[in-house]
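This briefing is for a reader new to the structure shown below. Topics are grouped, with a few lead sentences first.

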Amino acid sequence: MALRLGDTAPDFTQNSTAGEIKFHKAIEGGWAVLFSHPKDFTPVCTTELGEVARLKPEFDKRGVKVFGLSVDPLKDHEAWSGDIKETQGTALNFPLIADADRKVATLYDMIHPNANDTLTVRSVFVIDPNKKVRLTITYPAPTGRNFEEILRVIDALQLTDKHKVATPVNWKDGKDVIILPSVQDEGELKKLFPKGYKTLKPYLRVTPQPNR
Ligand code: BEZ
């Protein structure tokens with residue numbers, strides 16, 4: 001069955017370019033992104049993996065560990081990583097899981113047989129420190145993802161968790177945010193939002209981003 005928001009991310013042990021990954025142990029206490037790509041030695045995937053390597057410091061800053069995956073064997077991942085460095089200018093700097101037996105792909109429902117019955121689609125799972133799935137995205141094979149958007153959602157999720165705010169349409173880091181409707185107590189509002197807030201409707205209260 002497909003994983004849904006709020007589900008516990010399934011645990012697994014699988015080999016990777018960084019050695020054996022015991023997933024729950026590897027992500028203990030922090031955030032994680034697990035994403036699949038369809039196949040090694042393919043053009044869109046090559047650009048995506050290079051981009052994730054380039055953005056690794058941004059994931060690190062947010063306390064997020066990143067794991068890539070496809071159903072290719074480890075020897076292919078290792079051979080392909082040279083091409084990623086050569087063509088994208090950034091060497092692979094995060095684990096690429098070799099899921100040749102499809103153990104993880106099956107657990108996370110990353111193979112969509114009506115799209116392709118052997119290769120993984122472009123799945124993304126953002127997992128929080130409680131190991132709960134907080135975001136799922138599925139893209140088709142020919143469409144490269146926007147990993148800046150994944151960072152934007154992680155920023156939004158972390159703001160919600162820490163500051164009891166939601167983020168409006170097209171929100172970008174630094175822009176005003178929305179106070180969660182569950183926050184009603186005057187004392188709590190003053191404590192959480194010392195910069196004040198505007199009440200446009202009783203359910204729509206806007207405040208400057210609290211961590212800025
Ligand atoms: C690609 O990464 O370029 C790709 C992979 C599978 C199908 C189509 C494109």
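**Overview**

Lys 131 lies in the loop between β6 (122–127) and β7 (133–139); helices (H or I, at least four residues) and strands (E, at least two) are DSSP runs, numbered from the N terminus. The model is predicted, with pLDDT of at least 70 needed for local features and pLDDT 80 or more for side-chain atom pairs, while totals for chains, interfaces and linings use all residues. Residues are numbered from 1 along each chain as its sequence is written, and side-chain values use heavy atoms, leaving out hydrogens and water.

**Residues with positive phi**

- Most residues other than glycine have a negative phi.
- Lys 131 has a phi near 70°, a positive value in a residue other than glycine.
- Lys 131 is buried, because its relative accessible area is 13%; buried means under 20% relative accessible area, exposed over 50%, and partly exposed in between (1.4 Å probe, protein chains only).
- Lys 164 also has a positive phi, near 55°, and sits in the loop between α5 and β8 (165–166).
- With a relative accessible area of 35%, Lys 164 is partly exposed.

**Surroundings of the ligand**

- Around the ligand are Pro 38, Thr 42, Pro 43, Val 44, Cys 45, Arg 122 and Ala 141, where a residue is near a molecule or strand if one of its heavy atoms lies within 4 Å of it.
- By class, this shell holds five nonpolar residues, one polar and one charged; Ala, Val, Leu, Ile, Met, Phe, Trp, Tyr, Cys and Pro count as nonpolar, Asp, Glu, Lys and Arg as charged, and the others, Gly among them, as polar.
- Helix α2 (residues 43–61) supplies the largest share of the shell, three residues.
- A backbone N or O atom of Pro 43 lies 3.2 Å from an oxygen atom of the ligand, and for Cys 45 a backbone N or O atom lies 2.8 Å from a ligand oxygen.
- Arg 122 has a polar side-chain atom 3.0 Å from an oxygen atom of the ligand.
- Of the 270 Å² of accessible area that the ligand has on its own, the protein covers 76%; accessible areas come from the Shrake-Rupley method with a 1.4 Å probe, and for residues only the protein chains shown count as cover.

**Helix α5**

- Helix α5 (residues 147–163) has 17 residues and spans 24 Å from its first C-alpha to its last, close to the expected 24 Å at 1.5 Å a residue; the expected span is 1.5 Å times one less than the number of residues.
- Buried residues of α5 include Phe 147, Ile 150, Leu 151 and Asp 155.
- A side-chain oxygen of Asn 146, at the start of α5, comes within 2.9 Å of the backbone nitrogen of Glu 148.

**Two buried residues**

- Ser 70 is in strand β4 (residues 64–70) and counts as buried because its relative accessible area is 0%.
- Not counting residues up to four places away in sequence, Ser 70 touches residues including His 37, Pro 38, Asp 40 and His 77; contact means heavy atoms within 4.5 Å.
- Gln 209 is placed in the segment after β11 (204–207) and is buried, at 2% relative accessibility.
- The side chain of Gln 209 makes a polar contact with the side chain of Asp 173 (2.8 Å); a polar contact is a pair of N or O atoms within 3.5 Å, and within protein one must be able to donate a hydrogen and the other to accept it, with residues adjacent in sequence counting only if both atoms are side-chain atoms.
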